[in-house]
Amino acid sequence: MSSGLNHLWKRGAEFLGSEYAIMGGAMTWVSEANLVSGISNAGGFGVLACGSMPPALLEKEIRATAAKTANPFGVNLIIMHSELGSLIDTCIDNKVSHIVLAGGLPKSVTISRIKNAGIKVICFAPSYPIGKKLVKAGADALVIEGMEAGGHIGPVSTSVLAQEILPEMTREMPEIPVFVAGGIGRGEAMVSYLEMGASGCQLGTRFVCANESIAHPSFKRAFLKASARDAVPSVQIDPEFPVIPVRALANRASTEFILLQRKTIEDYRAGKLDKQAAQLQIEHFWAGALRRAVVEGDIENGSLMAGQSVGMVTKEQSVKEIIEELVFQAEDYLRARKTAGAGNLKIAEKIGG
Ligand SMILES: Cc1cc2nc3c(=O)[nH]c(=O)nc-3n(C[C@H](O)[C@H](O)[C@H](O)COP(=O)(O)O)c2cc1C
């Protein structure tokens, strides 16, 4: 690896204990032992998605992953899981090195419980003030994830979050690694965030079609066919009935979701449903939908969670090839700039400069 890239993500790679500071973002049903160990074996940092797994199943998955790689990997826990305490115990008992707390803002007692067991804690920061609070509560590293990402998303783009958070973090808390996620599909983009002060990047969508991913062939085919504009946020039709924003490939289910909202809200206005029941009916629509698509391959009635970088997923490759490609693009970009003195050499060549 070039000394430039090595230097740019040194802090991130040291924190993760991996060769490259590339995290494989946890994806429920997709990030299981095969993909996670594949990422860690290829020099990245795999993260197991616990999702709604009970503790016993998580333990099985951690052990299966550890059996396939000697390199470090993390576990992503959703903080509203009803058995969060037991899941943390499972991670402690199985000597997990890093826990990513997702799905909201964790309580400081949760963070300190994990830290006291010697496990590094990574939290999602939707803004600089919240990031600062999380670090004060004990978070060892932060992920900032923009709305280009697949799955549950916030309202702000990666590029804006990066500008709002990275310079402040670099100035105020240079020792805390920050990983950027959302919409990253190539090495050049990784370099740009690293140069802004990030310590590494997290990618999800790019790994879905890896050979090691157990996602259903139909799910993978949908990714290979899709372009960036097909990965859209879930639609909310009435401000009174909030919808959790999720980015996914548009399919029959996303159209039916709009129709269901319309019908449910009409029933509510006609006095056939109370507000709570109507809201629950809307929320219930996507229950089990990701499993239906990823595991069963029902790409019309399931949820095809995908980020905008899906357009850059053009073939099935091994995780090693994907990671080597990202690293090559990053190094090539750094090399080209060095040779050109400034700017992008390829563009300069094209315009005859
Ligand atoms: C199918 C799918 C499932 C996901 N599930 C989770 C999850 O369970 N927990 C989580 O924190 N993030 C989840 N994510 C987000 C990823 O971990 C990662 O942060 C995101 O994919 C990065 O953006 P990108 O898709 O643009 O690369 C999911 C993303 C996808 C595409």
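1. Helices α9 and α14. In this predicted model, helix α9 (residues 187–195) and helix α14 (residues 319–340) have axes that come within 7 Å and cross at roughly 65°. The crossing of α9 and α14 is right-handed.

2. Residues at the crossing. On the α9 side the contact is made by Gly187, Glu188, Met190 and Val191. These meet Leu326, Val327, Phe328, Gln329, Ala330, Tyr333 and Leu334 of α14. By class, the contact of α9 with α14 holds eight nonpolar residues, two polar and one charged.

3. Arg337. Helix α14 also contains Arg337.

4. Domains. The domain assignment of the protein chain gives domain 1 (3–207) and domain 2 (217–309). Their C-alpha centres lie 26 Å apart. To the contact between them, domain 1 contributes 16 residues and domain 2 contributes 15 residues. The side of domain 1 that touches domain 2 is made up of nine polar, five nonpolar and two charged residues.

5. Ligand shell. The ligand is surrounded by 27 residues. The closest are Gly25, Gly150, Gly151, Gly204 and Gly307. Domain 1 (3–207) and domain 2 (217–309) each supply at least three residues to this shell. Sorted by class, the shell has 13 polar, eleven nonpolar and three charged residues. When reading the polar count, note that Gly is placed among the polar residues.

6. Ser303. Is Ser303 buried or exposed? Ser303 is buried, because 25 other C-beta atoms lie within 10 Å, and the cut-off for a buried residue is 20 or more. Ser303 sits in the loop between α13 (289–294) and α14. Leaving aside neighbours within four places in sequence, Ser303 is in contact with Ala248, Ala253, Trp286, Ala289, Leu290 and Ala293. Ala278 is 25 residues from Ser303 in sequence, and their C-alpha atoms are 21 Å apart in space.

Conventions:
Residues are numbered from 1 along each chain as its sequence is written. This is a predicted model: local features need pLDDT of at least 70, side-chain atom pairs count only at pLDDT 80 or more; totals for chains, interfaces and linings use all residues. A residue is near a molecule or strand if its C-beta atom, placed from the backbone, lies within 6 Å of it. Domain bounds come from an automatic or database domain assignment. Axes are lines fitted to C-alpha atoms, for helices over the stretch in contact, and angles run from 0 to 180 degrees between N-to-C directions. Helices (H or I, at least four residues) and strands (E, at least two) are DSSP runs, numbered from the N terminus. A crossing is left-handed if the near helix is turned anticlockwise from the far one by less than a right angle, and right-handed if clockwise. Two residues are in contact if their C-beta atoms, placed from the backbone, lie within 7 Å. A residue is buried if 20 or more other C-beta atoms lie within 10 Å of its own, exposed if 12 or fewer, and partly exposed in between; C-beta atoms are placed from the backbone.
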